[in-house]
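User: Hey, can you walk me through this one? I'd like to know what packs against what.

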Amino acid sequence: MAKSVAKKASNLFVWIILGLLFVALAGFGIGSFSGGGSRIGSVGDIEITAEDYARALDQEIRARIAQTRQPVTLSDLQAQGIDQAVLQSLVAQAALANEAARMGLSVGDEAVAREITRIESFQGIDGTFDREAYEQVLRQNGLTPADFEEDMREDTARSLLQVAVLGGLQPDPAIAEALVAYQGETRDFSILTITEADLPGGLPAPSEADLQAHYEANPDRFTRPEARRITYSWVTPSMLMDDVEIDAGALRDLYEARADLYRQPERRLLERLVFIDEAAAQAAFDAIAAGETDFDALVAERGLSLEDVDLGEVARGDLSAEAAQAIFSDTESEIIGPVQSALGPALFRVNAVLDASEVPFEEAEEELRAELAAEAARRVIDDLRDPVDDLLAEGATLEELAADTEMRLGTIDLTPASEEGIAGYDAFREAARAAEEGDFPELLELSDGGLFALRLDEVVPPTLPPFDEVRALVVESWRAGVLRDQLAARGEAMVAEMATGATLDSLGAVTAEVAVRRQDFIPDAPPTLVAQVFRLSQPGDVVLVPGADRALIARLDAINPGARDDPTTQILTQIIGQTVAQSMAQDIFEAYGQAMQAEVGIRLDQSMINAVHTQFP
């Protein structure tokens, strides 16, 4: 146990030193705080300097920028309370350092030197400690060797104190065992599914009064969202493709340029196993022929996988002349060899024979024509760009663009759900969301090479359409609600029958689910089904689980404890045990730190803290 704790302490020591070095590097560029008034507070006899606080804030900002790849400012940290968390972390460190000093915990120069020489940033190209690099890194970041070494000595003392407090902590194994038993338990249950077909008489037809009442009681279901009424003029390559002329010679030239695509030579799907000499290859071939081994076994004996020997699709020209002749002249054998390959004597396994194929020009012509037509249409649109820009600059309307150019006019009430037509383009949706009434139309590009310009005519607020316009939606919504209610009512009646002697199997077709875990999901079942089953107390208990288009009656058949000898259970026990230990350690150390802070007192200078904040943009 002592050895384990010492090892953890050593690892912790290294990480603390690396962390300290990172903090020093991260603080580069922060304004310097020096002099007697540069501390922001103290815990006992340990001061918290303004420079320490500035570096910690800068490190947090840099870490968040690296994580989010977005600009982060001090204001962003303050809005989330992160600045207070950084400050509290420094206070906790100071409390530990104060307690370590009070207890006389420290390390000697030899230990400090040993750890410094292990830090990669201070090593030369040969991997040994470089004194010049050490001093240069510290100098660039406003530190002296004496300051850095003293800080590292204090951090080491804090780590020793932390190991002393937590080193012997052992959580009660019963906690992990109880959690594993809870998580590892599985259940068997049977399900009776109730659908619309099981309703006596089916669903009733709604009256107009029913629909009108449902419409008035649920206006939110039928209210159309806010829409941006947009007029636009646009053109895409697909609009022009049918009107461009394609030269027959160009089609033939493109076909010939794609000869490798349309004319495929005969190929083989091959695997190749290379041997040290031809005798070894022949011995392996003979062993396969005699049934003493097979190709897979030979590959495994060499410590290889099938992926290592797989050549994929191979044409005659991809092989040596000898191998090509042997493999492509034999259409029957699976194992061919020994033959000389580029790497030496080898056995080849043929997994498939792919015959030569050719797509004639007549079959490829339509595809080639579409490609050339799209390219020609894009060139037409490129030529259109400058004239349209000029028309817009002269004050032309979108209607005039459509009348005078190849562009087409359209309107749309754009909502977040709009995806049809031009609303399927991200560029259009972004421009429409940014548009303001009165803006002049601007020519913009679509992802397929098309062009568009738009005008925001008005913002239409959320609107409840008249009943007649949404009657079909009202019918659908009313029907869904009544179906759910009646399925649940039918299920309750069936559960009542079971209470008076009926069995689940006598009420309909039953399906069985076996060894279902708490986190499992049953396809096509309400998402709460498994959770509801795990609330049942004993086999024979039933629960009704209503759903939108079906209701389920589940009967608990068996409660299966987790298998203690299962490798998965053993791994889970280890993980949960470690999690419990870490949680306990965190809680205990937090309480210990709070007690130390309360004992020696905390003093913070808010004016100096504010001064540090002013150094950040």
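Analyst: Helix α18 (residues 361–393) lies across β4, β12 and β13 (451–460), and runs at about 45° to β13. Contact here means heavy atoms within 4.5 Å; axes are lines fitted to C-alpha atoms, for helices over the stretch in contact, with angles from 0 to 180 degrees between N-to-C directions. Helices (H or I, at least four residues) and strands (E, at least two) are DSSP runs numbered from the N terminus.

User: Where do the coordinates come from, and what cut-offs apply?

Analyst: It's a predicted model: local features need pLDDT of at least 70, side-chain atom pairs count only at pLDDT 80 or more, and totals for chains, interfaces and linings use all residues. Residues are numbered from 1 along each chain as its sequence is written, and side-chain values use heavy atoms, with hydrogens and water left out.

User: OK, what's the strand order in the open sheet?

Analyst: β11-β4-β13-β12, four strands with antiparallel pairing; a pair needs at least two DSSP bridges. β11 (408–414) and β12 (444–445) are at the edges with a single partner strand each, so one side of each has no neighbour in the sheet.

User: How many bridges between β4 and β11?

Analyst: Seven, with β4 covering residues 227–235. Ser233 stands opposite Leu409 in β11.

User: Is Trp234 buried or exposed?

Analyst: Buried, at 14% relative accessibility; buried means under 20% relative accessible area, exposed over 50%, partly exposed in between, using a 1.4 Å probe and protein chains only. Trp234 is in strand β4, and beyond four places in sequence it touches residues including Met239, Tyr425, Leu446 and Phe452. Its C-alpha is 5.0 Å from that of Met407, 173 residues apart along the chain.

User: Which residues of the largest nonpolar core touch the most other members?

Analyst: Ile230, Tyr232, Trp234, Val235, Phe428, Phe452 and Leu454, out of 30 residues. A nonpolar core is a set of buried Ala, Val, Leu, Ile, Met, Phe, Trp, Tyr and Cys residues joined through side-chain atoms within 4.5 Å. Another core, of 29 residues, lies apart from it, with Ile48 and Met596 among them.

User: Switching topic: how do α12 and α18 cross?

Analyst: Their axes come within 9 Å and cross at roughly 105°, with α12 being residues 248–257. That makes α12 roughly perpendicular to α18, a label for 65 to 115 degrees (under 35 is roughly parallel, over 145 roughly antiparallel, the rest oblique).
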